[in-house]
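Trainee: Could you walk me through this one before I set anything up? I'd like the overall picture and then a few details.

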Amino acid sequence: MAQPFTPQSAVTVRVFTQRFSSTPLGARLARHLAAHRLHEWGVPYGSALSDSVASIVAELTANAATHGRVPGRDFELRLGLGPRTLLIDVSDARGGCRPAAGVPAPPPDADGGRGLLLVEALADRWEVRDREPSGKTVHAELDLPPH
């Protein structure tokens, strides 16, 4: 007996991947290109989602250029927009210096250390994954509002 056909809705996944130099300029360019790509995908500049993604990309790429930098190696930004989730992956060549979820807040007079708190506040989920052959990927997900 044949199984009844169940119609499924079409799924469109958009993906953007780009490598950048492991410099502050590379991190800045990654943030600008992420916002531009989202705008092309129908997520307008200045929207809450666009601003959240830009902030997450800014933090993760700045960390990749600062803490994940290996001389002569780039970092990579990958964005994925599916029907329910927006994915952000930032990969660098350094396997050490792995950030962890639940990072305690730095002292009030500290000059830095708040970036991953921002990622944790804006992303619905995030984690650090091993990257082959070497390095790590910080993966963040944002749930999209239902249409």
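Mentor: Of the 147 residues of the protein, 38% count as buried, and please keep in mind throughout that this is a predicted model.

Trainee: Okay, and how many helices and strands does the protein have?

Mentor: There are three helices and five strands, and along the sequence they follow the pattern β-α-α-β-β-α-β-β.

Trainee: What share of the contacts comes from residues 24 or more positions apart?

Mentor: Among contacts in the protein with a separation of 6 or more, residues 24 or more positions apart account for 65%. As for the surface, the accessible area comes to about 8800 Å², and carbon and sulfur atoms hold 55% of that.

Trainee: Let's turn to the sheet, then. In what order do the strands come?

Mentor: The five strands form an open sheet in the order β1-β2-β3-β5-β4, with antiparallel pairing. β1 and β4 stand at the edges with a single partner strand each, so one side of each is left without a neighbour in the sheet. From one strand to the next the twist averages 15°, and α2 packs on the sheet, where it touches β2, β3 and β5 and has a direction that makes about 15° with that of β3.

Trainee: And β5, is that strand mostly covered or mostly open?

Mentor: β5, which spans residues 136-143, is mostly covered, since seven of its eight residues are buried. Eight bridges join it to β3 in the antiparallel sense, while its antiparallel pairing with β4 (residues 125-130) runs over six bridges.

Trainee: Which residues stand opposite E141?

Mentor: L87 stands opposite E141, and E141 is also the bridge partner of R125. In the hairpin of β4 and β5, five residues lie between the strands, and G135 takes a positive phi near 105°.

Trainee: Switching to helices: how far does α1 reach?

Mentor: Helix α1, residues 24-40, has 17 residues and reaches 25 Å from its first C-alpha to its last, which is close to the 24 Å expected at 1.5 Å a residue. After α1 comes G42, whose phi is positive, near 100°.

Trainee: Which residues of α1 are buried, and what do they pack against?

Mentor: The buried ones are G26, A27, A30, A34, A35 and L38, and they pack against β1 (14-20), α2 (48-66), β2 (75-81) and β3 (85-92). As background to that spacing, an α-helix has 3.6 residues a turn, so residues three or four places apart point the same way.

Trainee: What about α2 and α3, at what angle do they pack?

Mentor: α2 and helix α3 (residues 115-122) pack at an angle of about 145°, and their axes are 9 Å apart. The crossing of α2 and α3 is left-handed. On the α2 side the contact is made by S52, S55, I56, E59, L60 and N63, and on the α3 side by G115, L116, L118, V119 and L122.

Conventions: Residues numbered from 1 in each chain as written. Predicted model: local features only at pLDDT ≥ 70, side-chain atom pairs only at ≥ 80, totals over all residues. Heavy atoms only, no water. Helix = DSSP H or I, 4+ residues; strand = E, 2+ residues; numbered from the N terminus. Expected span 1.5 Å × (residues − 1). Buried < 20%, exposed > 50% of the residue type's maximum accessible area, 1.4 Å probe, protein only. Contact = heavy atoms within 4.5 Å. Areas by Shrake-Rupley, 256 points an atom, 1.4 Å probe, with all protein chains shown as cover. Pairing = 2+ DSSP bridges. Axes fitted to C-alpha atoms, helices over the stretch in contact; angles between N-to-C directions. Left-handed = near helix turned anticlockwise from the far one by under 90°.
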